[in-house]
Amino acid sequence: REYAMALDRISMTAFENFAIERIVIIQGDNGFEMSTAFLTIELCEGISNGLMTGTISFNDDVNIFDTQLNMRGDEMIELSFYSKRPDLTKAARFAKKFRINSYDDVAHSSTMAKRIVTMKIESIGSINNEFMTISKSFSNTGAHAIVAEMLEAIGYPTDVQNIEPTLYNRDIVIPNITPLEVIGHLSALVQSGDSNSKGDSNFYFFENRDKVNFVSGTTLLKSDPIASLVYDHENDSVMYNRVLKYHRVRGMNIRQQIRDGGLGCSIHSHSLVDKRMKVTPVAASGVKKIYKPMNSDSWYGGSITDNVTVVNIQSSEDQMYKFINMGSNGNSVGIRRVNRSSLLAKRALASVAGNTDITSGSVIELKTPDLNGGTNTRDSGRWLVNRIVHKITRESYTMDLELISDSDLRRY
């Protein structure tokens, strides 16, 4: 859908080259166009964040919020914006409705006119989830079908769902818990049914620019890079696909990887049916032969071995859990722990000009030079966008990216 443009900026500088199509507060059947009054927008999306949150602030000199809106608690806000490429073509549109969870305002002490009103906004499903619980039994049903039903219950139709098929059908009873609690529970118990994901059991539930996603880490990592970013000292006034600021937060932390299970773990599984207990060691080297790291070039010269004894995980083989330990590529509980932990092996923060082609769950290619004009191999390569904070004012649009990679130790 095309909108009448609310704010359209054209600039040679990337972070000043964007358009806001629509900022509308919806109250019942009425819509209030607020584009001319907005001051700042901040939106957070991430594969570890679940559903989206944010804040938006307005200049309200004439007390619109008290006189015309008279906020009552069921309002929504619709946002639509996009960045522009250097040739002025539109990048992907970011268009969503949010629920207004709460707001605060600052009034002038003399006139009582408000100067700044700041709204805290959340994904529609996040609010709807608070008003319902599910009590239902499923027989011989795939986890992906249950996730789809839970999302529909909190307001996400199938056209905004991106759900990866899962292996095995289950008999499961949902005991009066919220839909998001159901999804969170299932995300730790499933294996991918996508042949390209090799039964990966490391699943993520999150909302990004386009969809509400329930997908495996392998599916995210095998996607092609959406953008190539460069971080160097050269002066570039355009700044498109240039990293404005860069901070390698974690370049190596072997001890933390051992504690988290990134170097291996042992699964202690029990069965109430035949009263048995077994221990299954899961070596990280074996897992990574199947689920390849994002970057394969090796720069680490030391000797790091598997450590399967430090992290011990209790698991069950009964009822709805019975399939989680079965997989053609090994113990799925251990695979999930190794893959999830290793994705946090390397972490960086980058600030870039707003680019709505990039969303959480995207893969990007990063290039950073060394002092000799070559390539810094520790930072350069493929990264997964774990989290994005969109920051928009009337003059600029930037994004703070949190980047993660499982290629820190490069030992395989």
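Trainee: Let's start with salt bridges: which side chain does K136 meet in one?
Mentor: Keep in mind that this is a predicted model. K136 lies in strand β9 (residues 134-142), and its partner lies in helix α3 (residues 143-153), so the pair ties together parts that are 13 residues apart in sequence. The N to O distance is 2.5 Å, and the side chain that K136 meets is that of E149.

Trainee: Is K136 buried, partly exposed or exposed?
Mentor: Buried would need a relative accessible area under 20%, and exposed one over 50%. E149 has 32%, so E149 is in between. K136 has 34%, so K136 is likewise partly exposed.

Trainee: What about D104, which residue forms a salt bridge with it?
Mentor: The closest N and O atoms of this pair are 3.2 Å apart, and the cut-off is 4 Å. D104 forms the salt bridge with K120.

Trainee: How many salt bridges does the count come to?
Mentor: The pairs we went through, including K136 with E149 and D104 with K120, belong to that count. A side-chain nitrogen of Lys or Arg has to be within 4 Å of a carboxyl oxygen of Asp or Glu. By that rule the count comes to 14.

Trainee: Now R382, how far away is the nearest side chain of opposite charge?
Mentor: R382 sits in strand β21 (residues 381-393). R382 is buried yet has no salt bridge. The cut-off is 4 Å, and E365, the nearest side chain of opposite charge, is 5.2 Å away.

Trainee: Then which residue's backbone oxygen lies 3.2 Å from a polar atom of the R382 side chain?
Mentor: Leaving aside neighbours within four places in sequence, R382 is in contact with several residues, among them L221, K222, P225, M294 and N295. V363, I364, E365 and S405 are also among its contacts. The backbone oxygen 3.2 Å from a polar atom of the R382 side chain belongs to S223.

Trainee: On to the sheets: in the open sheet with β16, β17 and β18, which are the edge strands?
Mentor: The strand order is β17-β16-β18, and the pairing is mixed. Each edge strand pairs on one side only, and these are β17 (276-283) and β18.

Trainee: Do β16 and β18 run parallel or antiparallel?
Mentor: Five bridges join β16 (residues 264-271) to β18. S269 stands opposite S315 in β18. The two strands run parallel.

Trainee: Which helix lies across β16, β17 and β18?
Mentor: The helix in question covers residues 332-342. Its direction is at about 150° to β16. The helix is α8.

Trainee: Is Q314 buried or exposed?
Mentor: Q314 is in strand β18 (residues 312-316). Its C-alpha atom is separated by 17 Å from that of I258, which is 56 residues apart along the chain. At 57% relative accessibility, above the 50% cut-off, Q314 counts as exposed.

Trainee: In the sheet with β10, β12 and β13, what is the bridge partner of F206?
Mentor: That open sheet has the order β10-β13-β12, with mixed pairing. Five bridges join β12 to β13 (residues 212-216), and the two run antiparallel. In β13, the partner of F206 is N213.

Trainee: Last one: what is the phi of N140, which is not a glycine?
Mentor: N140 is in strand β9. N140 has a relative accessible area of 52%, so N140 is exposed. Its phi is positive, at about 50°.

Key: Residues are numbered from 1 along each chain as its sequence is written. This is a predicted model: local features need pLDDT of at least 70, side-chain atom pairs count only at pLDDT 80 or more; totals for chains, interfaces and linings use all residues. Side-chain values use heavy atoms; hydrogens and water are left out. Helices (H or I, at least four residues) and strands (E, at least two) are DSSP runs, numbered from the N terminus. Buried means under 20% relative accessible area, exposed over 50%, partly exposed in between (1.4 Å probe, protein chains only). Lys and Arg count as positive and Asp and Glu as negative; His and the chain ends are not counted. A polar contact is a pair of N or O atoms within 3.5 Å; within protein, one must be able to donate a hydrogen and the other to accept it, and residues adjacent in sequence count only if both atoms are side-chain atoms. Contact means heavy atoms within 4.5 Å. Two strands pair if DSSP finds at least two bridges between them. Axes are lines fitted to C-alpha atoms, for helices over the stretch in contact, and angles run from 0 to 180 degrees between N-to-C directions.
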